[in-house]
Amino acid sequence: MIFVERLRSFHRRSFIAIASAIMFGLAVTTPSASTDIDGRHGHHHRDHSWIASWAASPQAPFPGGLSMTGFTDQTLRQIVFTSLGGAFVRVRFTNEFSDRPLNIGAAQVAIAAPNGAIEAGSERALTFGGQSSITIVPNAQVVSDPAPLQVPDTGALAVDIYAPGSTGPVTWHSVGLHTTYISSVGNHVGEPLLPTSSTIQSYFFLKSVEVQATDKTGVVVAFGDSITDGPGSTPDASNTYPNQLARLLAASHGRLKMAALNQGLAGNRVLASFVGGGQNAQARFDRDVLSQPGVTHLIVLIGLNDIFFTGGMAADQVIAGQKQLIIRAHAQGIKVFGGTLTPVRVTGILEADRQTINEWIRTSGEYDAVIDFDAAIRDPNNPTIILPAYNSGDNIHPNDAGYEAMAQAAYAVLRRDLN
């Protein structure tokens with residue numbers, strides 16, 4: 001009986017192998033062979049990797065406003081800043097913070113032109129398993145099929161999304177710093193200029209944009225709170241510190257030619273979650289850092305909101321939380337750089353906690369390297385404040401020049417590490 005069963009098993013396996021070979025032979029000889037089972041166009045794609053070129057940390061909707069009311073039979077055109085380019089692109093859409101399905105009736109990607117326009121001839125319809133529409137179930141995400149498009153380094157893409165029904169409360173990223181164009185009623189995907197009914201500087205439904213990369217391309221994730229997210233920088237200019245770091249890296253050669261992702265989240269904390277600041281850093285770490293394709297390096301700049309805006313989270317608790325991020329990143333082979341906390345014009349115990357955390361970052365040896373953002377933008381004559389030339393005006397967030405100084409500090413450390 002044992003022999004008979006083994007013989008039957010052998011025949012079953014042989015039949016499956018032969019059938020698979022026959023099916024594969026048919027697939028490579030028919031006109032539809034240009035699309036693989038995973039949506040890739042042409043067999044040469046099987047040997048290429050994908051990296052994230054742009055990303056934004058998803059958030060739950062706020063209690064009021066557009067993220068709560070959502071969209072009904074409308075088209076959105078959203079502008080994203082690509083850090084590294086490639087010949088093929090795909091987009092991840094998210095419905096992670098919704099309790100209802102999200103219907104995408106049509107989607108497109110194109111090279112962005114000024115004032116919400118798109119470059120003629122660059123339009124590429126996005127498909128999902130070969131279909132032009134898709135429904136994203138609650139708490140989930142989807143990735144489009146690859147589309148052939150020469151995506152530029154440090155350029156701008158326009159992503160169109162048509163929501164045919166009523167979305168209800170939506171997954172979004174509140175601090176977009178690029179104009180999102182919202183249409184009047186109807187499907188306007190791909191139109192040279194959207195018939196715009198309103199604009200806002202937030203992202204909706206977008207999680208990341210990925211491009212094909214060379215084998216040696218790396219990705220650095222800038223992970224933090226609003227100082228990483230970028231308030232205080234000029235809107236529509238892509239001048240956050242991760243954006244400016246991306247320009248420095250894209251202009252480099254060899255291993256330094258890396259993608260840079262901005263995974264900052266305004267109001268975010270290491271240990272505490274709340275609606276305005278999204279999931280705490282430890283809760284969103286796998287999603288925003290470890291799951292990003294191609295990530296090799298991580299910059300951690302977070303803790304100010306814990307100690308200054310929550311009634312005084314003790315410095316040792318913030319340090320313990322940062323240690324957990326280091327351990328989890330190292331387990332995935334990611335190098336982790338610690339960013340010192342920047343000044344926010346306070347004194348007393350809160351400033352003492354900031355200094356305690358910074359001293360630990362600089363001297364503990366827990367991080368693979370240290371990026372001294374504090375030293376890069378503080379006033380040397382009054383180290384509790386941002387240098388006036390770098391201050392956006394709120395005494396917390398840098399301006400474009402301040403973010404440039406932070407980017408230069410980060411680039412210098414990456415250059416030492418990779419050269």
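How many bridges join strand E2 (residues 72-82) to strand E10 (residues 155-166), and do they run parallel or antiparallel? The two strands run antiparallel and are joined by 10 bridges.

## Basis of the description

This is a predicted model, in which local features need pLDDT of at least 70 and side-chain atom pairs count only at pLDDT 80 or more, whereas totals for chains, interfaces and linings use all residues. Residues are numbered from 1 along each chain as its sequence is written, and side-chain values use heavy atoms, with hydrogens and water left out.

## The six-stranded sheet

Helices (H or I, at least four residues) and strands (E, at least two) are DSSP runs, numbered from the N terminus; two strands pair if DSSP finds at least two bridges between them. An open sheet of 6 strands, with antiparallel pairing, has the order E6-E5-E10-E2-E12-E13. Strand E6 (124-125) and strand E13 (196-200) each have a single partner strand and stand at the edges, so one side of each lacks a neighbour in the sheet.

Strand E12 (residues 180-185) runs antiparallel to E13, with 4 bridges between them; here Ser 183 stands opposite Thr 196.

## Nonpolar cores

A nonpolar core is a set of buried Ala, Val, Leu, Ile, Met, Phe, Trp, Tyr and Cys residues joined through side-chain atoms within 4.5 Å, where buried means under 20% relative accessible area (1.4 Å probe, protein chains only). The largest such core has 97 residues, and Phe 93 and Leu 298 have the most contacts inside it. Helix H10 (residues 400-418) gives the largest share of this core, 9 residues. Apart from it lies another core, of 7 residues, including Ile 79, Ala 110, Ala 158 and Tyr 181.

Helix H4 (residues 241-250) is mostly covered, with 8 of its 10 residues buried; among them are Tyr 241, Asn 243 and Leu 249.

A cavity is a set of points on a 1 Å grid over the protein atoms alone where a 1.4 Å probe fits but cannot get out, and its lining residues have an atom within 4 Å of a point. The largest cavity is lined by 19 residues, of which Trp 54, Ala 55, Tyr 203, Asn 243 and Asn 262 lie nearest its centre. Strand E1 (49-55), H4 and strand E17 (259-264) are the elements that give two or more residues to this lining.

Key
Buried means under 20% relative accessible area, exposed over 50%, partly exposed in between (1.4 Å probe, protein chains only). On a 1 Å grid over the protein atoms alone, a cavity is a set of points where a 1.4 Å probe fits but cannot get out, and a pocket is an open set with protein on both sides within 12 Å along at least five of seven lines; lining residues have an atom within 4 Å of a point.
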